[in-house]
Amino acid sequence: MLAMLPVFLSILLCFPTLMLHSNGEYVTQEAQFLERLHLPAPGPESIAFDAAGGGPYTGISDGRILKYVNASVGFLEFAITSPNRSKELCVGNGDVALDYVCGRPFGLGFHHQTGDLYITDVYHGLMVVGPNGGVATQLANAADGVPFGFANALDIDTNTGMVYFVDYTSQFSVDKFTASLKAHDMTGRLMKYNPESKELKVLLGGLGGAAGMAVSKDGSFILITEAITKRIRKFWMEGPKATTWEILKEFTESPANIKRNAEGEFWVAFLVGDETGSRPSQQQSPGLRITGDGMILEAISLDTRGTISEIAVYDGKMYIGSPYLHFVDVYAWPSKSHQKEELMG
């Protein structure tokens, strides 16, 4: 991934891990490994599927967004985020100095009405590309006159088509992860983009390392994971609590991305390893399934070694994202009562 991220994660992981022990509140399920989808470069941070079920799509460290076709073909290039990208320099890129030139897509989400793919790129901000892929168009790289420090996760309200995303920090640049952690940075932001009016609005500031976000099934609230403060925040968009927020859940491990499922529940991934594949000895689960009220329904156990960033469930299968790995691992979702799951957004 980025040069300083291993250091950032090593600091995060030096704290004790206590919250994910089996405590009677939930059941830990062992996910059944199905297959490994190999990539030409590391870093499948986020996973998405189009409206027709095509994919998975994922962004990788050399700046490309890839689409998985089948076992024979594997992944093919679908889009790129940097207009100045050089194929000769960037394909398979491992040089952090070239990241700005090559791009680094993180968050992905399809607008199922238009077929457009919305993207958050670490360096180029909020972007969009049409259903046929190609070079993405930049929509925004700042809000209220403040540049994005690190545009991160993204989700789309399937009811309204509004695009929501988070900026990890508005004070530190991408290569200042460690500094943001030491400063206990609280300048992350939640934003809303209207594809029709092109209006960009900051909904909430003061986030402590905005790592992920997901819109509820009915569009009434958003859940935001904060890596620095190690919690999930709930922001209300409708009802008597509209525009207010509350702390939904606190952890002793840092949550990464969060994804909603078809039933309206949420999958939370945790930063519980590093780029070498090691994990804290006390760590129990890299992911939880929770309700919108914060109740833990299920914890999972995976064979995948290394830091994971996302758990995306589609058609009964779990697709595992990571900032470091050269592949996407696929598992069968162990909960027998939820075998027909669809990733929303």
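1. Let us start with aspartate 155, whose side chain reaches the backbone nitrogen of valine 215 at 2.7 Å. That is a polar contact (a pair of N or O atoms within 3.5 Å; within protein, one must be able to donate a hydrogen and the other to accept it, and residues adjacent in sequence count only if both atoms are side-chain atoms). Aspartate 155 sits in strand 14, residues 151-156. Helices (H or I, at least four residues) and strands (E, at least two) are DSSP runs, numbered from the N terminus.

2. A word on what you are looking at: this is a predicted model, in which local features need pLDDT of at least 70 and side-chain atom pairs count only at pLDDT 80 or more, while totals for chains, interfaces and linings use all residues. Residues are numbered from 1 along each chain as its sequence is written, and side-chain values use heavy atoms, with hydrogens and water left out.

3. Buried means under 20% relative accessible area, exposed over 50%, and partly exposed in between (1.4 Å probe, protein chains only).

4. By the salt-bridge rule, the count comes to 10. One of them joins aspartate 329 and arginine 36, with the closest N and O atoms 2.7 Å apart. This pair links distant parts of the chain, from strand 28 to strand 2 (residues 32-38), 293 residues apart. Aspartate 329 is buried, with a relative accessible area of 0%, whereas arginine 36 is partly exposed at 37%.

5. Another salt bridge pairs arginine 85 with aspartate 62, the closest N and O atoms being 3.7 Å apart. Both partners lie in loops: arginine 85 between strand 6 (74-80) and helix 2 (87-90), aspartate 62 between strand 4 (57-59) and strand 5. Arginine 85 counts as buried because its relative accessibility is 14%, and aspartate 62 is buried at 0%. A network of salt bridges links Asp62, Arg64 and Arg85.

6. Aspartate 167 and arginine 189 form a salt bridge too, with closest N and O atoms 3.3 Å apart. Both residues are buried.

7. Do look at serine 322, in the loop between strand 27 (317-321) and strand 28 (327-332). Serine 322 is buried, as its relative accessible area is 1%. A polar atom of its side chain lies 2.6 Å from the backbone oxygen of threonine 307. Leaving aside neighbours within four places in sequence, serine 322 is in contact (heavy atoms within 4.5 Å) with residues including Gly43, Pro44 and Glu45.

8. Valine 69 belongs to strand 5 (residues 64-70) and is partly exposed, at 41% relative accessibility.

9. Finally, the whole chain: its secondary structure comes to 4 helices and 28 strands, and buried residues make up 61% of the 345 residues.

How values were computed:
Salt bridge = Lys/Arg side-chain N within 4 Å of Asp/Glu carboxyl O.
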